[in-house]
Amino acid sequence: MIFWLIAEVIKILIVFAGLLMAAAYLTLLERKVAAKIQNRMGPMEAGFHGLLQPIADGIKLFFKEDIIPWDADKFLFLLAPVIVVIPALTTFAVIPFGAPIKVLGHTVPLQITDVNIGILFILALSSLGIYGVVLGGWASNSKYSLLGGIRTAAQMISYEIPLVLSIIGIIMIAGDLSLANIVSEQSHVWFIVYQPIGFIIYLIASTAEMNRVPFDLGEAEGELVAGFHTEYSSMEFAFYFIGEYAQIVVNSAIIVTLFLGGWQGPFLPSVLWFLIKVFFVVLIYLWLRWTYPRLRYDELMDFGWKFLLPLALANIIVTGFIMILINK
Amino acid sequence: MDTKRPENSIIEISKNLLVGLKTTIKTFFRKPVTFQYPREKIRIAERFRAFPKLNVNNDGSLRCVACFLCQTVCPSEAIKIKSGYVDYGDSHELTERQKHNHSIDKLKPGTGNDGRRHPSSFDIDLLRCICCGYCEEICPEEAISMGNNYEVAFYTRDEGIYGIEKLIKSW
């Protein structure tokens, strides 16, 4: 019992610190990738090739003046960034990031907790993140923030549906909601082979879910200054940032778990395989971001409801038919 | 969006999306075209010309003879010259023309001059200068020519007026 408790606490600490570090260094990676794609060099001043840049940014944001607008709803204004960060970090609790290891004769699964409804847990928490954005946009009491919040709410609700439906195919094939079992089901063939359409839908819908370019209507800097976080400064702003980047890491981890075989892989240790796969999925997200321009708002809604949703439904039906045919 | 138009078909759109991804992945592996400016500097072309500079003889005396041609030709009126005699002492390197017309021999002994007029002050307002190179072209003594210092910055407008000292040294 004591051993289990200690192991659990150590795992939580490692995952928590790792996620925060990853979120911080993702800002650097994002800037570097952007620079490479635009034939620039990116941050080069702080440390070797800008390696200390995230730390410098963090220190800077920490010491910035904390401005709360006079008219803002103070409680919600301060609560909103927290609501963004916590679900993003908590989602990682059910993601298995390595094969079970043996420590002192006990088997320790490398997963904080194996909930038997893991996928539902992820979906529930990731949709909680919307509240942070909407509340932040409303509580700032500024027109740009409000517009950004409303847009984000509409966008997230419409993209949540194809996101969920794209996973249904996986659940049908795996026959299980627990992520540990889904990973072990993929020991021979990754689910991306069975569900290529589902993978693409999930990739697109999760990009929209995370409010990233080309779907960053909520913070369209050309029109809305910075959207829902226009009025935020200092650490509250940093919280939004951490939440956003932690979401990228977590979403990549979800994609790896559901479609790319989780920690499964030959030769290398399983945790390393997991990290490599997550890194590549993150690169795909960055690649998408620095390739496409932002969609217009009606195009975004059209795309979500008229294209992604029918496609996701068709994907489920086709998957079902094929499964019935094969079983016969 | 009008989905009936041929360029809006799903196949065409997804093809174009992939073309976009291909373009960015290509530039991703290309070498950056920017450089770390204050530390690395761009290699300037041999015929690069920036602001004018004043040339001197080997003994350090000004080549300028205060003929006012550059001041006259300057389209933006950036050059202000005052003529006067500048004592450079007795020993000079004679220019080709001085050797030819023996102008120095006609001087009274002990004048302490090379027998030529010199500018007592020669100011170029770098804020007015348009780097057109007319002054270099018109100068009969090759006293003024275009340098290659493009990094000129100053805190006040007065600092932008470069005198003889700065025009000789700073390039």
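Modeller: Strand S3 (residues 118-125) of chain B pairs with S5(B) in the antiparallel sense, over two bridges. This is a predicted model, in which local features need pLDDT of at least 70, side-chain atom pairs count only at pLDDT 80 or more, and totals for chains, interfaces and linings use all residues. Residues are numbered from 1 along each chain as its sequence is written, while chains are lettered from A and ligands numbered from 1 in the order in which they are written.

Strands (E, at least two residues) and helices (H or I, at least four) are DSSP runs, numbered from the N terminus; two strands pair if DSSP finds at least two bridges between them. Asp125(B) has Ile161(B) of S5(B) as its bridge partner. The pairing belongs to an open sheet of three strands in chain B, ordered S2-S3-S5 and antiparallel. Strand S2 (79-84) and strand S5 (161-162) of chain B are its edges, each pairing on one side only.

In chain A, helix H5 (residues 143-174) packs against helix H8 (residues 196-209) at about 155°, with the axes 8 Å apart. Axes are lines fitted to C-alpha atoms over the stretch in contact, and angles run from 0 to 180 degrees between N-to-C directions. H5(A) and H8(A) are therefore roughly antiparallel (over 145 degrees). Their crossing is left-handed: the near helix is turned anticlockwise from the far one by less than a right angle. Contact (C-beta atoms, placed from the backbone, within 7 Å) involves residues including Tyr159(A) and Leu163(A) of H5(A) and Ile201(A) and Tyr202(A) of H8(A).

Terms used. Parallel < 35°, antiparallel > 145°, perpendicular 65-115°, else oblique. Contact = placed C-beta atoms within 7 Å.
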